[in-house]
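Hello,

Here is the structure I promised to pass on. Please have a look at it first, and then read my notes below.

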Amino acid sequence: MSYNTKNFTEQGGEKTVIGGTLEIKDGAVVTGLPILDNQAASTAATVEDLVTDFNALLTKLKAAGLMISD
């Protein structure tokens with residue numbers, strides 16, 4: 001009989017693999033994730049201004065490593 005686990009930590013503790021569902025309960029704290037600069041709420045009155053605000057958000061997501069850069 002063999003057993004394959006979906007979640008495990010490699011020897012040395014340098015890497016943990018989650019192959020199942022990771023559930024974060026209320027009150028839990030997650031550390032080490034990037035924090036983005038604030039993106040102010042858009043006050044755009046034109047489509048062009050909205051595009052500018054949206055592109056600023058995309059730039060911040062990419063700079064924080066949450067989106068692959070172009």
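**What I found**

The protein's secondary structure amounts to one helix and two strands, where helices (H or I, at least four residues) and strands (E, at least two) are DSSP runs numbered from the N terminus. Following the sequence, the pattern reads β-β-α.

A word on the basis of all this: it is a predicted model, with local features needing pLDDT of at least 70, side-chain atom pairs counting only at pLDDT 80 or more, and totals for chains, interfaces and linings using all residues. Residues are numbered from 1 along each chain as its sequence is written, and side-chain values use heavy atoms, with hydrogens and water left out.

The predictor's confidence in each residue, pLDDT, runs from 0 to 100. The protein averages 91, and 100% of the residues score at least 70. Confidence is highest in α1, with a mean of 95, and lowest in strand β1 (residues 7–9), with a mean of 90.

**Overall shape**

The radius of gyration of the protein is 20 Å, whereas a compact globule of 70 residues would have one near 11 Å. That radius is taken over C-alpha atoms, and the globule rule is 2.2 Å times the number of residues to the power 0.38. The C-alpha trace spans about 65 × 30 × 25 Å along its principal axes.

Of the 70 residues, 3% are buried; buried means under 20% relative accessible area, exposed over 50%, and partly exposed in between (1.4 Å probe, protein chains only). Among contacts (heavy atoms within 4.5 Å) with a separation of 6 or more, 17% are between residues 24 or more positions apart.

Asp 53 sits in helix α1 (residues 47–63) and is partly exposed, at a relative accessible area of 24%. Setting aside neighbours within four places in sequence, Asp 53 contacts Gln 39, Ser 42, Thr 43 and Ala 44. Its C-alpha atom is 18 Å from that of Leu 66, 13 residues apart along the chain.

Leu 66 itself belongs to the segment after α1. Beyond its neighbours within four places in sequence, Leu 66 touches Pro 34, Leu 36 and Leu 61, all by the contact definition above. Leu 66 and Leu 33 are 33 residues apart in sequence, and their C-alpha atoms are 9.6 Å apart in space.

Asn 38 is found in the loop between β2 (16–18) and α1. Is Asn 38 buried or exposed? Asn 38 is exposed, because its relative accessible area is 65%. The C-alpha atoms of Asn 38 and Leu 57 are separated by 9.0 Å, with the two residues 19 apart along the chain.

Best wishes
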